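Subject: Structure handover and findings

Hello,

Here is the structure for your files. Please open it next to this email, as the notes below go through it part by part.

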Amino acid sequence: QVQLVESGGGLVQPGGSQRLSCAASGSGFGIVTMGWYRQAPGKQRELVAAITRNGITSYADSVKGRFTISGDNAKNAVHLQMNSLKSEDTAVYLCHAAVLREISLHEYWGQGTQVTVSS
């Protein structure tokens, strides 16, 4: 089994910054991709940013130029630096990992961390 432990989140003013981190723990697995999704009340879950093990990144159009995702392969961790935050970034942010275990691909989710952008 793989567990994802998230940290960061909370209340931040518009224009502010916040950093989210997520670390995967367990045994017998290899990270394929890690990333962050978010879900706001009444809206569908959407991909915010993701990074592959070899460093290829992808971002939602709404966060390009403001958010930066980075990975730490040695620690099976991923970080999301969020700058110039807007009220519409308010959501529960969930860490996601696609991992290879026993020759098959598995997906895991963190419990989620609330990010609220408000003055």
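First, a definition: a residue is called buried under 20% relative accessible area, exposed over 50%, and partly exposed in between, with a 1.4 Å probe and protein chains only. By that rule Gln 18 is buried, because its relative accessible area is 11%.

Two notes on the source. This is a predicted model, so local features need pLDDT of at least 70 and side-chain atom pairs count only at pLDDT 80 or more, while totals for chains, interfaces and linings use all residues. Residues are numbered from 1 along each chain as its sequence is written, and side-chain values use heavy atoms, with hydrogens and water left out.

**Overall build**

The protein chain has 11 strands and zero helices. Both are DSSP runs numbered from the N terminus: helices are H or I with at least four residues, strands are E with at least two. Read along the sequence, the pattern is β-β-β-β-β-β-β-β-β-β-β.

How does the radius of gyration of the protein chain agree with that of a compact globule? The chain has 14 Å, and a compact globule of 119 residues would have a value near 14 Å, so the two agree. The radius is taken over C-alpha atoms, and the globule rule is 2.2 Å times the number of residues to the power 0.38. Along the principal axes, the C-alpha atoms fill a box of roughly 45 × 25 × 20 Å.

Buried residues make up 40% of the 119 residues. The accessible surface of the chain comes to about 6400 Å². Carbon and sulfur atoms account for 48% of that surface. Areas come from the Shrake-Rupley method with a 1.4 Å probe; for residues, only the protein chains shown count as cover.

Contact means heavy atoms within 4.5 Å. Among contacts between residues at least 6 apart in sequence, 54% join residues at least 24 apart.

**Strands and their pairing**

Two strands pair if DSSP finds at least two bridges between them.

Start with strand 1 (residues 2-7). Its side chains alternate. Val 2, Leu 4 and Glu 6 point to one face and are buried. Strand 1 pairs with strand 3 (residues 18-26) in the antiparallel sense, over six bridges. Within strand 3, Ala 24 stands opposite Leu 4.

Gln 18 also lies in strand 3. What does Gln 18 contact, leaving aside its neighbours within four places in sequence? Its partners are Gly 9, Gly 10, Leu 11, Val 12, Leu 80, Gln 81, Met 82, Leu 85 and Val 115.

Strand 11 (residues 113-117) alternates as well. Strand 2 (residues 10-12) runs parallel to strand 11, joined by three bridges. There, Leu 11 has Thr 116 as its bridge partner. Strand 9 runs antiparallel to strand 11, also with three bridges. Ala 91 stands opposite Val 115.

**Salt bridges**

Side chains of opposite charge can pair when their charged atoms come close. The cut-off for a salt bridge is a side-chain nitrogen of Lys or Arg within 4 Å of a carboxyl oxygen of Asp or Glu. How many are found in the whole structure? The search finds four.

Arg 38, Glu 46, Arg 66 and Asp 89 are linked in a network. Arg 38 bridges to Glu 46, with the closest N and O atoms 2.7 Å apart. Glu 46 is partly exposed, at 33% relative accessible area. Arg 38 counts as buried because its relative accessibility is 6%. Arg 38 also meets Asp 89 in a salt bridge (3.0 Å, N to O). This pair links distant parts of the chain, 51 residues apart: Asp 89 is in the loop between strand 8 (77-82) and strand 9, and Arg 38 is in strand 4 (residues 30-39). Both Asp 89 and Arg 38 are buried.

Lys 64 and Asp 61 form a salt bridge at 3.1 Å, N to O. Lys 64 is exposed at 51% relative accessibility. Asp 61 is exposed too, at 63%.

**A nonpolar patch**

Val 32, Leu 100 and Leu 105 make a nonpolar surface patch of about 260 Å². Patches are made of residues with over 30% relative accessible area and no salt bridge; like charges are joined within 9 Å, nonpolar side chains (Val, Leu, Ile, Met, Phe, Trp, Tyr) within 5 Å. Leu 100 sits in strand 9 (residues 91-101). Leu 100 is partly exposed, with 45% relative accessible area.

Best regards
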